[in-house]
Amino acid sequence: MERLEEDFGIIDWWKKVVLENYANFEGRARRKEFWMFQLINVLVIFIGMFLFAVISGSVKNSSSEFALIPLGLLVLYLLLIFLPALAVTIRRLHDTNRSGWYYLLSFIPYAGGIIMLIFYVSEGTVGPNQYGYDPKRPTQNNEIDEIGQIQE
């Protein structure tokens, strides 16, 4: 039985992005999905950096292979999480009725990050838009009710 998003915990949102939508660039991602995924990523990266600092600081010879294990795991995690992070970002832009190409604005120093932050925290389009149905209101997404209706 499929769980409702209302019952999702932080890890469930991360798993939804990574396991169910690994490289899905189509559709929409609501704010909660985007921010919970980002929160878990920041925590994992922080813990990885902390472990690297602790282990490399406790080993007298910091070039020891043992000290590089947390760093290697962190780099591997970052490589594996790149596509899901890009996909959820593009789907978040789709939720605000913007093309994924808007992501390129993030490469503009200073202003690009601020503009993208505004896009990320903005409320998504209510109801369907050109990128799909509203993920926040799944009861409005029933295509079967539209069969036989005259389109205006």
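The accessible surface of the chain comes to about 10,300 Å², and carbon and sulfur atoms account for 66% of that area. Accessible areas were computed by the Shrake-Rupley method with a 1.4 Å probe; for residues, only the protein chains shown count as cover. The model is predicted: local features need pLDDT of at least 70, side-chain atom pairs count only at pLDDT 80 or more, and totals for chains, interfaces and linings use all residues. Residues are numbered from 1 along each chain as its sequence is written, and side-chain values use heavy atoms, with hydrogens and water left out.

The secondary structure comprises 4 helices and 0 strands. From the N terminus on, the order of elements is α-α-α-α. Helices (H or I, at least four residues) and strands (E, at least two) are DSSP runs, numbered from the N terminus. Of the 152 residues of the chain, 32% are buried. Buried means under 20% relative accessible area, exposed means over 50%, and partly exposed lies in between (1.4 Å probe, protein chains only). Contact means heavy atoms within 4.5 Å. Among contacts between residues at least 6 apart in sequence, 64% join residues at least 24 apart.

Helix α1 spans residues 10-20. Its buried residues are D12, W13, W14, K16, V17 and V18. Their cover includes α2 and α3. Two packed helices are described by the angle between their axes and the distance between the axes. For α1 and α3 (residues 65-95), the angle is about 100 degrees and the axes are 9 Å apart. α1 is therefore roughly perpendicular to α3. Axes are lines fitted to C-alpha atoms, for helices over the stretch in contact, and angles run from 0 to 180 degrees between N-to-C directions. Angles under 35 degrees count as roughly parallel, over 145 as roughly antiparallel, 65 to 115 as roughly perpendicular and the rest as oblique. On the α1 side, W14, V17 and V18 make the contacts. Their partners in α3 are Y77, I81, P84, V88 and R91.

A nonpolar patch lies on the surface. It is formed by I10, I11, L39, L43, F46, I47, F50, L51 and V54, with about 830 Å² of accessible area together. α1 and α2 (31-58) are the elements that give two or more residues to the patch. The largest share, 7 residues, comes from α2. I10 is located in helix α1. With 37% relative accessibility, I10 counts as partly exposed. Patches are made of residues with over 30% relative accessible area and no salt bridge; like charges are joined within 9 Å, nonpolar side chains (Val, Leu, Ile, Met, Phe, Trp, Tyr) within 5 Å.

Across the whole structure, 8 salt bridges are found. A salt bridge is a side-chain nitrogen of Lys or Arg within 4 Å of a carboxyl oxygen of Asp or Glu. One of them pairs E33 with K16, with the closest N and O atoms 3.7 Å apart. E33 belongs to helix α2 and K16 to helix α1, so the pair links distant parts of the chain, 17 residues apart. Both E33 and K16 are buried. A second bridge joins R28 to D95, and here the closest N and O atoms are 2.8 Å apart. R28 lies in the loop between α1 and α2 and D95 in helix α3, so this pair ties together parts 67 residues apart in sequence. R28 and D95 are both buried. R28, R92, D95 and D134 are linked in a network of salt bridges. The side chains of E123 and K136 also form a salt bridge, at 3.4 Å from N to O. E123 and K136 are both in the segment after α4, 13 residues apart. E123 is partly exposed, with a relative accessible area of 38%. K136 is likewise partly exposed, at 38% relative accessibility.

Two further residues were examined for their surroundings. H94 sits in helix α3. H94 is buried, at 8% relative accessibility. Not counting residues up to four places away in sequence, H94 touches F25, G27, R28, S99, G100, N129 and Y131. T125 is found in the segment after α4 (111-121). With a relative accessible area of 24%, T125 is partly exposed. Leaving aside its neighbours within four places in sequence, T125 is in contact with R28, D95, T96, N97 and D134. T125 and R98 are 27 residues apart in sequence, and their C-alpha atoms are 9.9 Å apart in space.
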